[in-house]
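Subject: Handing over the helical model

Hi,

Here is the structure I promised to pass on, and my notes follow below it. Have a look at it first, then read on.

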Amino acid sequence: MSKTIIPLIVVTISNAIGFTISYFFLSIVQEINIEAYGSSICEFSGTILGFLIASLTIALGINGNHINKFKKYGYFKALILFYLIMFIELILTFFSGIMCFINPIITNTLYISIALTISSLICVFLAFIQIINLSIKK
């Protein structure tokens, strides 16, 4: 199994969870202010993009036994690929929030934006755990 498949599997699972939760969330919610939600999504994704860039800087600056093993065995490319996918997903989340402004009547826009937000939260949580594990010195 290639090491670059691991981040693809993680992102696919988080997207599946996000779309499943958003499907059930839309069936529960009857009325929602889509413009306010779109604004919140844009703010969320912009803020998390900033944190993502900061955590990528931290990941590149860590020197230790764990990160050297990551680089030696080729998992560092998978880490960078994971961050790249998260970056693209957060940009898509940002534009789905903008689409809530443009088409506030269409529920598909809301469905996609909720799904991308949930999957982005899962990926950011996993990246946070990954950075903590890499920075622990044993």
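By type, the lining of the largest cavity divides into 4 nonpolar residues, 1 polar and 1 charged. In this scheme Ala, Val, Leu, Ile, Met, Phe, Trp, Tyr, Cys and Pro are nonpolar, Asp, Glu, Lys and Arg are charged, and the others, Gly among them, are polar.

Before going further, some housekeeping. This is a predicted model, in which local features need pLDDT of at least 70 and side-chain atom pairs count only at pLDDT 80 or more, while totals for chains, interfaces and linings use all residues. Residues are numbered from 1 along each chain as its sequence is written, and side-chain values use heavy atoms, with hydrogens and water left out.

Now the overall fold. The chain has 5 helices and 0 strands, giving the pattern α-α-α-α-α along the sequence. Helices (H or I, at least four residues) and strands (E, at least two) are DSSP runs, numbered from the N terminus. Of the 138 residues in the chain, 34% are buried; buried means under 20% relative accessible area, exposed over 50%, and partly exposed in between, with a 1.4 Å probe and protein chains only. Taking contacts between residues at least 6 apart in sequence, 87% join residues at least 24 apart, a contact being heavy atoms within 4.5 Å.

Helix H2 (residues 34-61) has 28 residues and reaches 40 Å from its first C-alpha to its last, close to the 40 Å expected at 1.5 Å a residue. That expected span is 1.5 Å times one less than the number of residues. Buried residues in H2 include Ile34, Tyr37, Gly38, Ile41, Phe44, Ser45, Ile48 and Leu52. An α-helix has 3.6 residues a turn, so residues three or four places apart point the same way. Ser45 has a relative accessible area of 0%, and touches Leu90, Thr93 and Phe94, not counting residues up to four places away in sequence.

Where does Ser22 sit? Ser22 belongs to helix H1 (residues 5-28) and is buried, with a relative accessible area of 0%. Leaving out residues up to four places away in sequence, Ser22 touches Tyr111, Ile114, Ala115 and Ile118. Ser22 and Ile112 are 90 residues apart in sequence, yet 8.0 Å apart in space, C-alpha to C-alpha.

On the H5 side, Leu116 is buried at 11% relative accessible area. Beyond residues up to four places away in sequence, Leu116 touches Glu89, Leu92, Thr93 and Ser96. Ser96 itself lies in helix H4 (residues 75-102) and counts as buried at 6% relative accessibility. Apart from neighbours within four places in sequence, Ser96 is in contact with Ile41, Thr109, Ser113 and Leu116.

Ala78, also placed in helix H4, is buried with a relative accessible area of 9%. Its contacts, leaving aside neighbours within four places in sequence, are Lys3 and Pro7.

Last, the aromatics: a search of the whole structure finds 2 aromatic pairs. Rings of Phe, Tyr and Trp (its six-membered ring) pair if their centres lie within 6.5 Å; planes under 30 degrees apart count as stacked, over 60 as edge-to-face and the rest as tilted. Phe82 and Tyr83 are edge-to-face, because their ring centres are 6.4 Å apart and their planes are at 75°. Both Phe82 and Tyr83 are buried. The rings of Phe94 and Phe95 have centres 5.6 Å apart and planes at 75°, so this pair is edge-to-face. Phe94 is partly exposed at 29%, and Phe95 is partly exposed at 47% relative accessibility.

Best wishes
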